[in-house]
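Me: I've got a model open here and I'd like to go through the labels on it. Can you take my questions one by one?

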Amino acid sequence: MIVVRHYPVLPRTTSTPLPRLRLTILPSATPRRFCSSHTADDKDRSKKDITMYLQETHDKVFENNKSWAAEQVAKDPDFFKKLAAGQNPEYLWIGCSDSRIPAEQITGLQPGDAFVHRNIANLVCNTDLNVMSVIEYAVKHLQVKHIVVCGHYGCGGVKAAMTPKDLGLMNPWLRNIRDVYRLHEKELDAIADEEARYERLVELNVYEQCRNVVKTAALQQSYAENGFPIIHGWVFNFRDGMLKDLNVDFKTILKDIQKIYNLTN
Ligand SMILES: [Zn+2]
């Protein structure tokens, strides 16, 4: 079993912010830490700084939004008319909530191309009404052709799950990842390098979540009837920005799953 030296909590972003949402903060507005040796005046000034910082980071998003909307209209005067007409996405994207993996930007997809669901460590739990509703809607009503489960190396959720520590409300959520470890314990325990073991756990977690998608009635029934959607397992790498296709063997998984979980009547 992996023992983590540092309590990772959730991943803390240090990478470049999204281009259109870049927040430029004035030096005067940078929040400062309070210190017990500060005078009352210092504390008062710090409170003003943080208030200014919060206002600026809020306003910046609206400025960015205005520029983005104007850019789209400049490129295509009918852009918003088309957007308002309805959605017909080809992909359902199930990814991690990590702020560094914006589905559309890393894949070049445009608004309207992907129906997106994100949660901590890209899990597909059968008791999670949220992800189950997303799959049901995407498959039955939007009739997506591809379902992508995308994890990422360096996933804080996966690391947190392997931390031998009580994480409160997050325990039951992260336990799903511990279950993935248990299912693949032999393979993972045989990997001596801790980092490599984590990376493999990230991949195996994606693989197991693909299997969980295949267990749903929506997927099985749609595939039997239409021949789609098909499932893909991908892993994003921060180091070079590349997506790795795990080449999940969808047909074999489906066949395997349906021995026990067949819901096609
Ligand atoms: Zn993550």
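Me: Why is Asp98 called buried?

Reply: Buried means 20 or more other C-beta atoms within 10 Å of the residue's own, with C-beta atoms placed from the backbone (12 or fewer is exposed, in between is partly exposed). Asp98 has 22 within 10 Å, so it is buried. Bear in mind that this is a predicted model: local features need pLDDT of at least 70, side-chain atom pairs count only at pLDDT 80 or more, and totals for chains, interfaces and linings use all residues. Residues are numbered from 1 along each chain as its sequence is written.

Me: What makes Cys155 buried?

Reply: Cys155 has 28 other C-beta atoms within 10 Å, so it counts as buried too.

Me: Which residues does Cys155 touch, leaving out those up to four places away in sequence?

Reply: Cys96, Asp98, Ala121 and Val202. Touching means that the C-beta atoms, placed from the backbone, lie within 7 Å.

Me: Where does the "binding site" label come from?

Reply: From an unreviewed UniProt entry, which puts that feature at Cys96, Asp98, His152 and Cys155. They're spread over 60 residues of sequence but cluster in space, with a largest C-alpha distance of 9.0 Å. Such annotations may be inferred rather than shown by experiment.

Me: What makes a set of residues a nonpolar core?

Reply: Its members are buried Ala, Val, Leu, Ile, Met, Phe, Trp, Tyr and Cys residues joined through C-beta atoms within 7 Å. The largest one here has 48 residues, and Val149 is among those with the most contacts inside it.

Key
Two residues are in contact if their C-beta atoms, placed from the backbone, lie within 7 Å.
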